[in-house]
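Subject: Structure handover

Hello,

Here is the structure I promised to pass on. Please open it next to this email.

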Amino acid sequence: MRALRQANQVRVGRAQLKKELATGSVRIEEILAQPPEFAKTAKVYDLLLALPKIGPAKAARSLAHCRIAPSKTVRGLTERQREELIRHLRR
């Protein structure tokens, strides 16, 4: 039961994070730099899709530019990938 409750909390947290990214009340650079626990298992591609003006093609191009696989999670990013993606998104 505890595992199910924890999984639901993670899903709710991620859904709320995506809403905040869509409205601009939180910046993805901050999430990538210091991810909250519930965001660590989120796919970077999905978080990019939550951003305004970024669709599937632009998200895929951004990840390819930074040499990040579309299936990579926030926790799975290397320090180089994390820094490069943050730099790329700030442009």
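Predicted model: local features only at pLDDT ≥ 70, side-chain atom pairs only at ≥ 80, totals over all residues.

The core: the largest nonpolar core holds 23 residues. Within this core, L21, I28, L32, L47 and L48 touch the most other members. Five helices each supply at least two of the core residues: α1 (2–23), α2 (28–33), α3 (44–49), α4 (56–65) and α5 (79–90).

L32 deserves a click. Leaving aside residues up to four places away in sequence, L32 touches V74, L77, R82, L85, I86 and L89.

Helix α5: its length checks out. Twelve residues at 1.5 Å a residue should span 16 Å, and the end C-alpha atoms of α5 are 17 Å apart, which agrees. Which residues of α5 are buried? They are Q81, R82, E84, L85, I86, H88 and L89. The cover over these buried residues includes α2, α3 and α4.

- K53 sits in the loop between α3 and α4. K53 has 80% relative accessibility, so it counts as exposed, the cut-off being over 50%.
- R67 belongs to the loop between α4 and α5.

Over to you.

Best wishes

Methods. Residues numbered from 1 in each chain as written. Heavy atoms only, no water. Core = buried A, V, L, I, M, F, W, Y, C linked by side-chain atoms within 4.5 Å. Buried < 20%, exposed > 50% of the residue type's maximum accessible area, 1.4 Å probe, protein only. Helix = DSSP H or I, 4+ residues; strand = E, 2+ residues; numbered from the N terminus. Contact = heavy atoms within 4.5 Å. Expected span 1.5 Å × (residues − 1).
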